[in-house]
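Here is my note on the structure, written so that each point can be followed with the sequence and the 3D view side by side. Please take the points in order and find each residue as it is named.

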Amino acid sequence: MKKLIASEKELLKVFAAVSASVLLCVLVWLFLSGQTDLLTKGYINGIAKDNEYLVATMAAKITASASDESQAVEIIQSAPSSGSRYWFLLSSDSLVYEMDAATTTAMGTLSYTELENYYVRNGGSGVSKLFDLINAGQDFSAVLTKRSTFGSELITAGFIQIGGAKYCLGTGVSESYMLSAAGIGERTYDVKIATLLLCFII
């Protein structure tokens with residue numbers, strides 16, 4: 001077998017070094033992505049616990065003070081809300097209230113099927129999972145998108161009795177707002193930039 005000349009040996013060494021560097025960078029990037037995903041999920045789970053407390057507090061207030069859904073809506077409307085958080089109320093088969101009076105009026109009294117189609121038409125994704133959870137009748141928290149304009153959100157909901165009927169009470173919080181408020185997105189971006197620079201140097 002012909003012996004490798006010196007230039008070929010150097011070329012093989014360079015190729016091996018480049019391959020090892022690329023592999024190392026890919027592994028580092030995959031590890032970083034996994035860790036940032038875990039950090040994001042952990043933070044969202046913490047917010048979900050806070051939301052569960054807010055929903056339970058609102059549910060207790062409605063149960064103690066409202067004898068019908070119109071009174072329940074008045075209580076919900078008096079709760080703090082913003083462009084990043086809103087409240088909603090569903091009966092056993094249709095929409096009662098969502099976000100504010102103007103939004104609720106514009107949407108109308110939609111059945112669950114009509115409401116799901118409405119969300120899909122407005123850029124929603126994962127909404128079938130939302131209605132599966134609602135129909136299951138158990139308290140839940142889930143991340144999904146109901147409207148493209150609002151973006152991905154954390155929805156937390158519980159079930160209450162109003163005037164002898166069962167309702168679903170919930171709150172939605174913008175995921176981008178949560179991550180921005182915690183500075184997670186900015187820190188993750190900085191770490192990724194530093195990692196890319198390190199990979200470039202390697």
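1. Strand β1 (residues 85–90) is largely enclosed by the rest of the structure, because 6 of its 6 residues are buried. This is a predicted model, and the points below should be read with that in mind. In a regular strand the side chains alternate between the two faces of the sheet. In β1, R85, W87 and L89 point one way, whereas Y86, F88 and L90 point the other way, and all of them are buried.

2. Which strands does β1 pair with? One is β5, which runs antiparallel to β1 and is joined to it by 6 bridges, and within this pairing F88 has G170 of β5 as its bridge partner. Another is β2, which pairs with β1 in the antiparallel sense over 3 bridges, with L89 standing opposite Y97. The strands β1 and β2 form a hairpin, and 4 residues lie between them.

3. Strand β4 (residues 152–162) is also largely enclosed by the rest of the structure, since 8 of its 11 residues are buried. It pairs with strand β5 (residues 165–174) in the antiparallel sense over 10 bridges, and I155 has G172 of β5 as its bridge partner. These two strands form a hairpin with 2 residues between them, and G163 in the turn has a positive phi of about 60°.

4. Strand β3 (residues 140–145) runs antiparallel to β4, and 6 bridges join the two. Within this pairing, F140 stands opposite A157 in β4. Here too there is a hairpin, with 6 residues between β3 and β4, and G151 in the turn has a positive phi of about 80°. A positive phi is also found at M99, where it is about 70° although M99 is not a glycine; this residue lies in the loop between β2 (95–98) and α3 (101–107).

5. How many salt bridges does the structure hold? There are 2. In one of them the side chains of K146 and E98 meet, at 3.2 Å from N to O, and this pair links distant parts of the chain, with K146 in the loop between β3 and β4 and E98 in strand β2, 48 residues apart. E98 also forms a salt bridge with R147, with the closest N and O atoms 2.5 Å apart. Because E98 lies in strand β2 and R147 in the loop between β3 and β4, this pair ties together parts that are 49 residues apart in sequence.

6. E98 counts as buried because its relative accessibility is 0%, K146 counts as buried at 1%, and R147 counts as buried at 8%. The side chain of K146 makes a further polar contact, of 3.0 Å, with the side chain of Y86, a residue that points the other way from R85, W87 and L89 in β1.

7. In helix α2 (residues 69–77), the buried residues are A72, V73, I75 and I76. Seen down the axis of α2, these buried residues fall within an arc of 160°, so they line one face of the helix. In helix α4 (residues 112–121), Y112, L115, Y118 and Y119 are buried. They cover an arc of only 120° around the axis, which puts them on the same side of α4, while T113 and R121, on the other side of α4, are exposed.

8. A last point concerns the surface. V14, V18, V22 and V26 form a nonpolar patch there, and together they have about 320 Å² of accessible area. One of these residues, V26, lies in helix α1 (residues 6–65). With a relative accessibility of 42%, V26 counts as partly exposed, because that class lies between the cut-offs of 20% for buried and 50% for exposed.

Definitions and conventions. Residues numbered from 1 in each chain as written. Heavy atoms only, no water. Patch = residues over 30% accessible without salt bridge, like charges linked within 9 Å, V, L, I, M, F, W, Y side chains within 5 Å. Areas by Shrake-Rupley, 256 points an atom, 1.4 Å probe, with all protein chains shown as cover. Salt bridge = Lys/Arg side-chain N within 4 Å of Asp/Glu carboxyl O. Buried < 20%, exposed > 50% of the residue type's maximum accessible area, 1.4 Å probe, protein only. Pairing = 2+ DSSP bridges. Arc of directions from axis to C-beta. Polar contact = N/O pair within 3.5 Å; in protein donor to acceptor, adjacent residues only side chain to side chain.
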